[in-house]
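Here is a short tour of one protein model, written for someone new to reading structures. Have a look at the sequence and the 3D view first, then follow along.

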Amino acid sequence: MSAPAVLFVCLGNICRSPLAEAALRAEAAKAGLAVDVDSAGTGNWHVDCPPDARAQAVAARHGIDISGYRGRQVTAADFRRFTHIFALDSENLQNLRRIRPSDGGAALGLLMDVVPGRYTTTWFRAIQPGEYDLVCAEYCGTGHSDMITKVVVHPAGEFETWLRQADERAQSLSPLEAGRRLVIQRCASCHSSDGTAIPNGGPSFKGIFGQTHTFRNAPPAVVDENYIRESILDPSRKIREGYEDRMSTFKGQLTDKQITNIIEYIKSLR
Ligand code: HEC
């Protein structure tokens, strides 16, 4: 197998891709790995330009000097020279697919960063039925090695059937079971259900219902349905004593019914 050669591609090659290049270079050097790393843009506006001053400042904060980097545009030869090409958003990926030469062997991927305190979404135009790997590319904390899944692209027409069946399955779940599943998917990175403390997370849900909690910024309150709903929609309103204000709102992320199901589940954790 040839040594890995990785190219990061964004639009202009002055912000996102030079930072990704610098980060991988630094980590590879630290780990003593020989990796050929470079970056490029799909557009040609910033050819031969240094990275944006704000990107340089971010790199400098991590002790890395990227002032000598220069912008360049991705070429057909890149698809032969690199083993992996990572696009930094789905539009960049779409453009790479468009210009990829027929003999370009590089594996194309998408690298999306999750910024603390914000929700990140990404969207694929699924054109090729099949199963694709989805892995977490950062050492994100407890359970990182479990963060592996597959994106399944169904042939046209099949997806609608799958969706209808999945919806029927979800409708037939009890509120408590539906709530349990939502908590595992959406909350379990910060809240346990069995009393275990999660480092840098929030309190365990076990046994909280009916307790009186004290807060850093509000008078004490009893944990009831309304308090849980408020915690989900407006988490900073009452910050529990001994914890940080780390939770982002789920407003617009969960339906009213889903919130009610979560409450049912938390109530059951005696
Ligand atoms: C990124 C981590 C994080 C995620 C994800 C998260 N929370 Fe929290 N949550 C916290 C932290 C930290 C606190 C404690 C600070 C505070 O009160 O806001 C908290 C507090 C709470 C409280 C108050 C608990 C108490 O003991 O008084 C509830 C209820 C709650 N979260 C529900 C949820 C639900 C439901 C979800 C999923 C839909 C969720 N949280 C997702 C971090 C998180």
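## Across the sheet

Ala 87 stands opposite Leu 110 in β4. That pair belongs to a place where β3 and β4 are joined by four bridges and run parallel. Helices and strands here are DSSP runs numbered from the N terminus (helices are H or I with at least four residues, strands are E with at least two). This is a predicted model, where local features need pLDDT of at least 70 and side-chain atom pairs count only at pLDDT 80 or more, while totals for chains, interfaces and linings use all residues. Residues are numbered from 1 along each chain as its sequence is written.

Now zoom out: four strands make an open sheet, in the order β2-β1-β3-β4, and the pairing is parallel. Two strands pair if DSSP finds at least two bridges between them. In general, strands of a sheet pair through backbone hydrogen bonds, either parallel or antiparallel. The edges are β2 (36–41) and β4 (107–110), each of which pairs on one side only. From one strand to the next, the twist averages 25°. Angles run from 0 to 180 degrees between N-to-C directions, and axes are lines fitted to C-alpha atoms, for helices over the stretch in contact.

## Strand β1 and its partners

Strand β1 (residues 5–10) is joined to β2 by six bridges, and the two run parallel. Within that pairing, Val 9 has Ala 40 in β2 as its bridge partner. β1 also pairs with β3, again in the parallel sense, over four bridges. There, Phe 8 stands opposite Phe 86 in β3.

## Helices on the sheet

Which strands does α1 touch as it packs on the sheet? They are β1 and β2, and the direction of α1 makes about 175° with that of β2. Helix α4 (residues 90–99) packs on the sheet too, touching β1, β3 (84–87) and β4, and its direction makes about 165° with that of β4. Contact here has a simple cut-off: two residues touch if their C-beta atoms, placed from the backbone, lie within 7 Å.

## α1 meets α2

Helix α1 (residues 16–31) also packs with helix α2 (residues 53–61), at an angle of about 20° and with the axes 9 Å apart. That makes α1 roughly parallel to α2. For angles, under 35 degrees counts as roughly parallel, over 145 as roughly antiparallel, 65 to 115 as roughly perpendicular, and the rest as oblique.

Pro 18, Leu 19 and Ala 22 of α1 make the contact with Ala 55, Val 58 and Ala 59 of α2. Sort these residues by class and you get six nonpolar, no polar and no charged. The classes go like this: Ala, Val, Leu, Ile, Met, Phe, Trp, Tyr, Cys and Pro are nonpolar, Asp, Glu, Lys and Arg are charged, and the others, Gly among them, are polar.

## Two helices against α8

α7 and helix α8 (residues 256–268) pack at an angle of about 125°, with their axes 10 Å apart. The two are therefore oblique to each other. On the α7 side, the contact uses Glu 225, Ile 228, Arg 229 and Ile 232, and on the α8 side Ile 259, Ile 263 and Ile 266. These divide into five nonpolar, no polar and two charged.

Helix α6 (residues 175–186) packs with α8 as well, at about 95° and with the axes 7 Å apart, so α6 and α8 are roughly perpendicular to each other. Residues in this meeting include Leu 176 and Leu 182 in α6, and Ile 262 and Tyr 265 in α8. By class, the contact has seven nonpolar, five polar and two charged residues.

## Around the ligand

How many residues surround the ligand? There are 25, and the closest are Cys 187, Cys 190, Gly 202, Ser 231 and Met 247. A residue is near a molecule or strand if its C-beta atom, placed from the backbone, lies within 6 Å of it. Helix α7 (residues 225–233) gives the most to this shell, with three residues. The shell holds 13 nonpolar, six polar and six charged residues.
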